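Here are a few friendly notes to read alongside the model. Have the sequence and the 3D view open as you go through the points.

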Amino acid sequence: MPVRDILLALVLATVLGLSFVAIHVGLEEVSPLLLTALRYTFAALPAVFLVRRPDVPWRLLVVYGLCIGVGQFGILFIAIALGMPAGLSSLVIQLQVFFTVLLAFLVFGERPRLWQVAGALVGFTGIAVIATERLEGAVLVPLLLTVLAALFWGLGNTASKRAGRVDMLRFVVWSSLVPPLPLLAASLVFEGPGAIPAALEHITWRGVGAIAFMAYGATLF
């Protein structure tokens with residue numbers, strides 16, 4: 001693998017790790033569903049005016065947007081707000097790998113090879129060992145919500161696989177148009193109409209920076 005690709009992979013891993021810190025910071029000032037809606041609002045705008053829509057059916061953009069934006073991150077943000085440690089959630093969410101393998105088998109008929117299964121079992125064992133050591137600070141409901149978020153990540157991966165070889169930046173930008181409205185609706189129902197005024201009243205530069213990092217760093221970059 002070229003050195004450039006290795007360095008890029010390390011940068012992406014760093015950005016992904018820091019995004020969980022940004023989530024924790026953002027949730028100190030904004031309610032979880034509203035925070036997720038803001039993340040995708042700024043991921044879509046103004047980028048949607050700068051890149052063309054990918055050559056995929058709208059239904060795939062909608063499914064991907066709902067699975068990743070609403071399912072994965074909406075539920076993940078709720079889990080962290082309910083007490084799931086950000087560091088532990090970044091680990092447990094990686095169960096998406098196993099859900100993705102299972103869904104690929106069910107939807108596409110992809111059969112993992114023996115060495116892939118063995119590697120997955122080693123990875124799962126590692127996650128279980130590390131998670132068990134850190135579960136003292138987590139309660140059951142946030143943990144189960146994080147596992148559910150991982151399942152939605154796997155479903156999103158299946159949708160992107162169905163889209164085929166596409167420009168992923170365009171795919172992510174246009175699918176980011178989907179989550180804000182259902183997330184805002186859910187915020188009004190479950191967090192109340194006061195969530196938006198409260199966020200506007202209490203948000204600081206730290207909250208704004210967290211949203212910007214999640215939208216432009218963790219989502220688009």
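1. A term to begin with: a residue is buried when its relative accessible area is under 20%, exposed when it is over 50%, and partly exposed in between, using a 1.4 Å probe and protein chains only. This is a predicted model, in which local features need pLDDT of at least 70, side-chain atom pairs count only at pLDDT 80 or more, and totals for chains, interfaces and linings use all residues. Residues are numbered from 1 along each chain as its sequence is written, and side-chain values use heavy atoms, leaving out hydrogens and water.

2. Start with helix H8, residues 168-175. Helices (H or I, at least four residues) are DSSP runs numbered from the N terminus. Six of the eight residues of H8 are buried, so this helix is largely enclosed by the rest of the structure. The buried ones are Arg170, Phe171, Val172, Val173, Trp174 and Ser175. Their cover includes helices H2 (32-44), H3, H7 (140-163) and H11 (205-220).

3. At the N-terminal end of H8, look for the cap provided by aspartate 167: one of its side-chain oxygens lies 3.0 Å from the backbone nitrogen of leucine 169.

4. How do H3 and H8 pack against each other? The angle is about 70° and the axes are 9 Å apart, where axes are lines fitted to C-alpha atoms over the stretch in contact and angles run from 0 to 180 degrees between N-to-C directions. The two helices are therefore roughly perpendicular, a label for angles of 65 to 115 degrees.

5. Next, see who meets whom, with contact meaning heavy atoms within 4.5 Å. From H3 come Trp58, Leu60, Leu61, Tyr64 and Gly65, and from H8 come Phe171, Val172, Trp174 and Ser175. By class, this contact has seven nonpolar, two polar and no charged residues.

6. H3 itself, residues 58-81, has 24 residues and spans 32 Å from its first C-alpha to its last, close to the 34 Å expected at 1.5 Å a residue. Just after H3, glycine 83 takes a positive phi of about 125°.

7. Finally, visit serine 187 in helix H9 (residues 180-191). Serine 187 is buried, at 2% relative accessible area. Leaving aside residues up to four places away in sequence, serine 187 touches Ser31, Leu33, Leu34, Gly192 and Ala195.

Key: Parallel < 35°, antiparallel > 145°, perpendicular 65-115°, else oblique. Nonpolar A, V, L, I, M, F, W, Y, C, P; charged D, E, K, R; others polar. Expected span 1.5 Å × (residues − 1). Polar contact = N/O pair within 3.5 Å; in protein donor to acceptor, adjacent residues only side chain to side chain.
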